[in-house]
Amino acid sequence: MIPVSRADVVLGLLAILAGAAILPMSLALPSLPQSYAGPSLFPSLIGCLFILAGVVITINGLRAWRAEKAGQGDEASQPRPQFAWRRMIEVLIAVAVFIIVAPRLGFVVGGFVLVAGMLLIRGNRWTTSVAVALILTIIVRWIFVSLLKVPLPVGPWGW
Amino acid sequence: MWENLVGAVALLAQPQVILIALISAVFGMFMGAVPGLTATMGMALLVPFTFFMDQVSVLVAVISMSGMAIFAGDIPGTLVRIPGTPSSAAYVDDAFILTQQGKAARALGLNVVGSALGGLFGALGLMLAAPALARFASRFTSFEYFWLAVLGLSATVAVSQGSVAKNGLSLLIGLFLATIGIDITLGIPRFTFGNVNLLSGISFIPAMVGLFGVSEVIRVTMEEFQGKEAPQIRFGLVEMIRNALDGLRARVRLFIQSGLTGVLVGALPGAGADIAAWVSYGFGKNTAKEPEKFGKGSEEAIISGTSANNAALAGTWIPALVFGIPGDSITAILLGVLMMKGIRPGPGIFENQGNLVYAIYLAFILANLLLIPLGWVATRTGLLMLRVPKRILMPCILLFCIVGAYAINNSMFDVGVMLVMGILGYMLQQLQVPTAPIVLGLILGPLMEQNFMMSVIKTQGSLAMFFTRPISAVLALLCLAAWLYPLYRKRRQARAAAAA
């Protein structure tokens, strides 16, 4: 990963971009008749402030970057943001699969697939994974649906 | 007052309420003692269980869970130098050094009793400050509420640690998300991109579950606790209380100072138990008898932190109850749940729902008294929880997050909101952008906009009333102070650096 200072430059630029996207959309919203107030006022302000915050973060990042280049400490010792891309994508896929499966096949199947899949990916034995996932989804369904009357997605077979 | 007290006792003295208090305390103990799980995450996981609870049970569950979690974070901190929650981080070195010196029993006793007494002090602060503030606030109109929202937003950025620009960015993300949906003045959809699910706005609770639950499922590494053989400590309950009181008696002034700091920091929007512990630790160091011992096994350091973070919990309820402005992320989620339960916080609830308010006071007192025996049990079992395998635990937590996010509106779209917010929250955290301001933005954004629009419609566009009404003017000045405070802090730091 790149050092924090450079990551900050990226973050700042992203914030400026976000502001630049929000601002024209906000200005296109109508105002109250003969008034500056209305639906467009606050989003427009927020858009401007996004750009301001982005500029400040970018400048701070560039300054820190220059200080680093000026030779205070070597490249390797700079703190770097860690992105656990793998764990992020695991969670993304697991929840996405649940969103697709659960409405069609019910909570028990969706939940089982989600938990068993996550457990397997995170290095558990498949026997443990299947057992934990099965017991957990059944208990959760029993507690929420039967005991607490909280509705959960239902499959064609009623669970 | 007396009839409210009697009413409150009747509300609390029900078997299922007591049972819920006990179960929540055990749950809080678990959330606090397992590093990587926090009190806020506990609140997020509590959400689906609150659907079936009545109003009092919800309040009791949250009070009992959060107090226990903030205390239990001390246990792994003291015994193996891994703070269980961020709130225990400030004084973890002091507590652990005492353990190394063979004084673990003493340190844990201070943790338990200091937390409980700190919590009781906080309860006292809540009981005194909230009704007084509510009487004052009953005179507020849309002009004052507008400034109050601005003040809350400003304070969030001003008191938080780290970069002001990054805190501001986080706040702006929350404010922007809050504008999504039907606008309140003309009923025009904003930023919905034609999606029907977005018309009613981003659902608050799924967003919270994502920010504080899912992001942690991603963040917590799978490295299991490799049993550094932790010391086995056994001590009696009475012995523990006697020892701790002995340690506290010589430092009553420090304790009161820490409790006050906790309540005040807690009452500031956006700053909760973790910041309270750091601020109080700093104050303690400035005023202690032996400041040079801070960080090197000082009992004064432990008292400063451990009582302040528990006192802060009650402090966070002050703005939450009086104005509907959460003092920390726990009360933010709680406010979302209360809305669902038909409780609208505001100055009015002190008059209209007096029984409920007194039940909150009593629940704080009971939960903190309960903390002493339960905490004593936890000091014996807390280390077992370090051994819970996280590679099994975290996927299970993800399932509970989904249940909570889905069940609130029976909507898979909300599960998607949870997922997006989880990933966003994780990435922001890794870029050292704090996520708590997002919550404040989400809650205070609509409050600010609504009251502004109401005000300018009343005055036909004139802004003068925002500055000419006396209370309004004072609040405006406070906002100005909050904006200037970071500049002042920066200059002072620069001067301190130059002097050193």
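Tutor: Let's start with a term: a nonpolar core is a set of buried Ala, Val, Leu, Ile, Met, Phe, Trp, Tyr and Cys residues joined through side-chain atoms within 4.5 Å. Keep in mind that this is a predicted model.

Student: Which residues have the most contacts inside the largest nonpolar core?

Tutor: They are B:Leu126 and B:Trp317, in a core of 216 residues. Helix α17 (residues 354–386) of chain B gives the most to this core, 16 residues. Chain A takes part too: at least three residues come from each of its domain 1 (4–77) and domain 2 (85–147).

Student: What does B:Trp317 touch, leaving aside its neighbours within four places in sequence?

Tutor: B:Trp317 is in contact with B:Leu59, B:Val62, B:Ile63, B:Leu126, B:Thr331, B:Leu334, B:Ile360 and B:Phe364. Notice that B:Leu126, the other residue with the most contacts in the core, is among the partners of B:Trp317.

Student: Why is A:Ser5 called buried?

Tutor: Buried means under 20% relative accessible area. A:Ser5 has 3%, so A:Ser5 counts as buried. This serine sits in helix α1 (residues 4–27) of chain A. Beyond its neighbours within four places in sequence, A:Ser5 is in contact with A:Gly61, A:Ala64, A:Trp65 and A:Glu68.

Student: What makes B:Thr192 buried?

Tutor: The same cut-off of under 20% applies. The relative accessible area of B:Thr192 is 8%, therefore B:Thr192 is buried. B:Thr192 lies in the loop between β2 (189–190) and α10 (204–219) of chain B. Not counting residues up to four places away in sequence, B:Thr192 touches B:Gly181, B:Leu198 and B:Leu199.

Student: How do you know that the span of helix α3 of chain A agrees with its number of residues?

Tutor: The expected span of a helix is 1.5 Å times one less than its number of residues. Helix α3 (residues 85–105) has 21 residues and should span 30 Å; its end C-alpha atoms are 29 Å apart, so the two values agree. After α3(A) comes A:Gly106, with a positive phi near 95°.

Student: What covers the buried residues of α3(A)?

Tutor: The cover includes α4 (107–121) of chain A, along with α10, α18 (390–407) and α19 (412–430) of chain B. Among the buried residues of α3(A) are A:Val91, A:Ala94, A:Val95, A:Phe98 and A:Ala102. An α-helix has 3.6 residues a turn, so residues three or four places apart point the same way.

Student: What span is expected for helix α13 of chain B?

Tutor: Helix α13 (residues 273–287) has 15 residues, and 21 Å is expected at 1.5 Å a residue; from its first C-alpha to its last the helix reaches 21 Å. Its buried residues include B:Ala273, B:Ile275, B:Ser280 and B:Tyr281. Those covering them include α4 (55–72), α6 (92–100), α12 (252–267) and α14 (299–323) of chain B.

Student: Now chain A as a whole: how many helices and strands are there?

Tutor: Chain A has five helices and zero strands.

Student: Why is chain A called more spread out than a compact globule?

Tutor: For 159 residues the globule rule gives 15 Å, and the radius of gyration is 25 Å, well over that value, so chain A is more spread out than a compact globule. Along its principal axes, the C-alpha trace of chain A spans about 60 × 60 × 25 Å. Of its 159 residues, 43% count as buried.

Technical notes: Residues numbered from 1 in each chain as written. Chains lettered and ligands numbered in written order. Predicted model: local features only at pLDDT ≥ 70, side-chain atom pairs only at ≥ 80, totals over all residues. Heavy atoms only, no water. Helix = DSSP H or I, 4+ residues; strand = E, 2+ residues; numbered from the N terminus. Buried < 20%, exposed > 50% of the residue type's maximum accessible area, 1.4 Å probe, protein only. Contact = heavy atoms within 4.5 Å. Domains from an automatic or database assignment. Rg over C-alpha atoms; globule rule 2.2 N^0.38 Å.
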